[in-house]
Structures are given as structure tokens and as C-alpha cells.
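Take a look first, and then we'll go through it piece by piece.

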Amino acid sequence: MTAETGRDAGQPVSAVPARAGDPPEPSAALRPDSFVTGPWLLDISELAVRFGPVRAVDGVSLQLPPGPCGLGLVGESGSGKTTIGRAALRLVPTSAGIVRFAGKDIAGLRGKALQDYRRAAQIVFQDPDGVLDPRMRIGATIAEALVAHRMAGRRAAAEQARALLAEVGLDPAFAARYPHQLSGGQRQRVSIARALSVRPRLLVLDEPTSALDVRAQAAILALVTRLRAQRNLAYLLITHNLAIVSELCEQTAVLYLGRVAESGPTDALLGNPAHPYTRALRSAVPELDGPTAARVVLPGDAPDAANPPPGCVFHPRCPLAVDRCRAEVPALRAVRPGRLAACHRAEEVLASSSASPGRAPASTAEGSPPGSTAAAPPA
Amino acid sequence: MRLAITGLQVSFGTRRVVDVDELHVGAAEIVGLAGESGSGKSMTTLAVLGLAHTVGATVGGSITLDGTELTGLSQRQLREVRGRRIAAIFQSPATAFSPVFRLGAVVHRALRLHGMSKSEATEAASRAMRQVLLSPGLLDRYPSQLSGGQLQRVAIAIALALRAEVLLADEPTSALDVTVQAEVLELLRELRDANGMSVLFISHDLAVVAELCDRVAIMRQGRIVEQGPAARVLSAPADAYTADLLAAVPVIRAEAGP
């Protein structure tokens, strides 16, 4: 039904009276307010996701208040950031833990409640081409979501599609075009417009600018900043780019091998890391003012998530690892008001980071694990 | 000048996509070529490799390598230059390796094609792998068993084994994690310093260019709008377009102190 109506909606949109530049205010009837509003819009508690032997997410708890606000999930490939985003949308089966959206366990949603949730939580992917059907006109692609959620009839949906295009900064006439006639940045705006069409309260933005060049990226960042205020959006922003979370997210969680290494207010976390992994990530970011003097080089690659090392999962690459780190899993604990870190030596890291940001404290003699220079993963 | 591009014009029919008056890369120098998608950066790479015709483009002007003109060479002659003297690495290292062959088979084939004996190829491949900080044992694996950063390093190892003098690096770190990107950039710096390798580094990311490059050329709509020492161009751009690009780079706003 969805595809059919979508294609039908691709009829000439010029027949629709133009409402360009006049994005409709979210009307009360359309807001998914059937949810109980709790203190957290999204409350992820002790989430675990396993794919066979691989612990992709291993006991992660995160909270996101109602918008406008952003929570950044950063980490390397394989850190579990995307899987957390998918789990928040009930797109992957969880092994343990609870994901609550507006106070309700999403695992228990059925029927109408599930539909409402599916509408209220939307995702924007790195590659807009995965969302846009090359054979459908842009207007039809956007309208399809509205019709599928029975939020508008075909004619009204086509009209709203044009208004949404204007809202994301595109010419409403683009409704009649096909995806290949648009640039990558324009296509990403369209996929944002489609996600916004059903008036979500939560967006998962999964590397939304990684496929774009720097000017298109800057435009999308500005767009998200504007829309979050206009639409009271709350979002999980998944990225490996620390500069982007710095621009868009109040809070950031740094993930390593499926666990939270550190979380807290973005500016404080990046300015004065409490976890050696955060500091290494921070120092790896290239900056316009030329080579960073004190780069913390991480030997090797992230370990195998099917076979994590004992103790702290970061210890094989950590310049500060001591015996305790190899034996005892560090708890995620408060290290400053509002800041959590899973590191036995977080206080030392904080003290040295604040003394001279980006500079590592003196490495212990036993700091470098054997075989750490070879990048070969365990056989 | 090791690689010198003069009056280079690349066109699709009557549409000119590259029109570069002058761009050169000296020995042991890393030159950045930066610009947006569609600015002609990658077409410039293809022209230097003598591969522009494969996408239907025609090339005019002059490209010289140590004074030898490359534009008039036959494909047979160019094969001697490509790989051996000019190597290239691309954004997605996965496309450089066939998924059905072990990495060693691909590396060996490249080395044998350029005239090495079996034992020489094995020796050179192992040495190059160690140079890019990988275990030669990884050559027995399939591409899917390595991470993106490891694969990119294997691609660089092929260039090293062939003792390429010039490396064309087309967005080589854009698909990599920031920590892996830092390693690849460090490796390129080492190759410049230790091997005297010349690198034309193509990127849309000015922060990466600032980290790595000695000089930078800013490209827009096929033309170079500004070039000069990276530190000067990126701190005090003379062209408004360069300033625009710089303003688009997201920056970390961090709060120091406890």
C-alpha cells in the first residue's frame, strides 16, 4: 500500500496551491502526545546487543531529555554507536536491558502504540541514496511517509512535501525532480525533510554528513541547528567527528567496544577528558591551526568484540594501563558533577588534562603492552 | 620539480572540467589539492595517471615527471610509469583489492607486472608491509579480514614496494576513523621524510590539509583559485572562496579547566 500511494502522490505537484516558505505549525492533533511524558524522552538502561558471540553493545545506559537537545555518540568503527541508535528505534533485537521512549518500554509496544512510536522516532542515514527511490520523484518520496502514517491524504501530502522542502532550504519545485538531479547535500536535505514529515520527537542522525564535502556539511549542521529549535527536536547524533558533536550536542558519550568510556557535557568532555581514550580521540582530530604537538598515538586496533580483553577493555591500547586495569573492569562512575568515566585513573587523567590539555601524564614503565606495535588483530 | 602540471585542460566534449595553469610537486613535498565535490580534483588525478580517457575525457596541456612529458605516451609506456613511478591510493581501499584473492596475490601480481621475480616480490612485499607497520602475515588474509585502515596501509605498501616516487592520494582518509586517519597521515609524513616521496594529496577536508601538507592549492570549478604554503593560505587566505571553505570547517569548542 505504501509504495502504491507514494507513486500516485508523484502526480504533478504544480496543481497544488503553493505554501512555500510557510511550513505548517505542528498542530496538536498531529503531535504524538498519546505518550506519557516522563522526565526522559529516551531512557536506555543497561542495553546489551549481541550478534552471535559479538557483544556489539555491552551494558550501555544513556538518557536524552525532550528536545531541543542533542546527545552525541562518538567512537571508532565497531564501537557500537550505530547499534545503539538502531536499538533505540527497535530495529535490532536486544539481548538485555530496557529502552524506554517517553516512559514506555519500546519492546512491549504493539498495534497503535507501536505505530505512534514508529512515527515519533525517525532516522537519517549517512547515505541518502538508501532512502530515496531513484524512480520516485522527490515530492512523492516525502509524501509517502505522510500517507503511510495516515497523517494526510495524497493531495495534502503533496502540498506538505513542498512546504517541507522549503523548510529544509530547498526550492519547492524540487518536488518534481528525481534524486539523481540533486547533489549529495541536497539529497541529504530531502531525507531530513522526509524524516521530519511525520513530526518526530526523536531523530537518530547516523553520520548524517560523513558522505558530504565540507560546505555541504556546514549547511546540514546549520539546518539541524535551526530545525531543532523550530521543532523541539531531540536527537542522537552518531558520528566519528568530534567537531560535529561539539557544534550540535550538549551531551556526548564516548563509546569503546560496546561500552561507554566517558560521558558528560560536550564542551567539558572535549576540553578536559577524563578517559585516556577520549584524550587519544581528541588528539587525533586534525585542526586548522596545523599539526597538534602532543598526539596520543593508540597502538593497534580495537580488540575483537567477540573476545574482549579481561579487565578494562581499553587496557591493551592504553598508555596509562597498570596491573589493576588488566584485572578489574572499571565501573562507569561520577568523576565530576554531571560527568561519568570508566577508568581507574580518571582523576589523574583529569588533573593532567586540565594542567595542559592534550598532553599525556607520564606513562608508567609498564605502560606499553607487548606486541602493541603490530597492528595485526588476534588470530 | 618532480611532478609539474602546466596548462592542463580536461574536457568532456565541449565542457571543460579542469583548467589548471600550473601545479607542481617537488621532491619530498606534500601538496594538497583541496576543493568541493565537482571542483575537478579527482579528474586532475586521473589525467596525471593517464586514465582520463577511460571516463570519456580528453586531456590537453603538459604533465611532466622529472622533465619527461607524460601526456603523449602510449598506454604501454604509461604502464611503466604508473605504479612504478607514480602510484595512487583512493578513498575506498576495499575497491583496490579483489575480495576473492588473498592480499598477497594482489600485491605480488602488481610487483611481478613491474618486472620483479617471485622471490624479489615476496621479499619486497614483506619489507613494505613492515614499513607501513603491518605484519607480513596479513598478506595471507582476504581483504574482508582487515580493517579499512589496514587495507589503506596495504595499498600504500604496494606503492612503497615499487619504490614509487610520486604518490597520488585521492581522499585516502575520508572513509577512515579519526584515529586511523591520524596513523595514515603520520605514515605519509614519514614516507616524505624518510623516502623523499612526493605526494599530491587530494581532499575536501582543510583541517587534514593543514595537518599534513607543505603547500596547498585550492580548486574551484576546475581552476586553481589560490596556491601557496599551507600555513599561509589557511591562516591568511587571499581568495574569498578559500575563506568561505575555511569558515565551513567545524571546530571543536572545548572548555578547558576542571
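Domain bounds here come from an automatic or database domain assignment. Keep in mind that this is a predicted model.

**Chain B and its domains**

With that in hand, chain B splits into domain 1 (1–85 + 168–247) and domain 2 (92–163). The C-alpha centres of domain 1 of chain B and domain 2 of chain B sit 24 Å apart. Where those domains touch, 10 residues come from domain 1 of chain B and 10 residues from domain 2 of chain B. On the domain 1 side of that contact in chain B, you'll find six nonpolar, one polar and three charged residues.

Now for a strand of chain B, β6(B), which covers residues 86–89. Are its faces covered or open? Both faces of β6(B) are covered: B:I86 and B:A88 are buried on one side, and B:A87 and B:I89 are buried on the other. β6(B) also pairs with β7(B) (residues 166–170), running parallel over four bridges. Within that pairing, B:A87 has B:L167 of β7(B) as its bridge partner.

**Where the chains meet**

The contact draws 39 residues from chain A and 35 residues from chain B. On the chain A side, α7, α8, α9, α10 and α12 of chain A each supply at least two residues. The top contributor to that side is α8(A), with five residues.

| Class | Residues on the chain A side |
|---|---|
| Nonpolar | 21 residues |
| Polar | nine residues |

Chain A has an open sheet of four strands in the order β2-β1-β4-β5, with antiparallel pairing. Because β2(A) (54–64) and β5(A) (104–105) stand at the edges with a single partner strand each, one side of each has no neighbour in the sheet. β4(A) (residues 96–101) and β5(A) pair over two antiparallel bridges, and A:F101 has A:K104 of β5(A) as its bridge partner. Helix α2(A) (residues 81–88) packs on this sheet, touching β1, β2 and β4 of chain A. The direction of α2(A) makes about 120° with that of β1(A).

The other helix to look at is α4(A), residues 138–148, where 10 of the 11 residues are buried. Among them are A:I138, A:T141, A:E144 and A:V147. Just after α4(A), A:R150 takes a positive phi of about 50°.

Definitions and conventions
Residues numbered from 1 in each chain as written. Chains lettered and ligands numbered in written order. Predicted model: local features only at pLDDT ≥ 70, side-chain atom pairs only at ≥ 80, totals over all residues. Buried ≥ 20, exposed ≤ 12 C-beta atoms within 10 Å, placed from the backbone. Pairing = 2+ DSSP bridges. Contact = placed C-beta atoms within 7 Å. Nonpolar A, V, L, I, M, F, W, Y, C, P; charged D, E, K, R; others polar. Axes fitted to C-alpha atoms, helices over the stretch in contact; angles between N-to-C directions.
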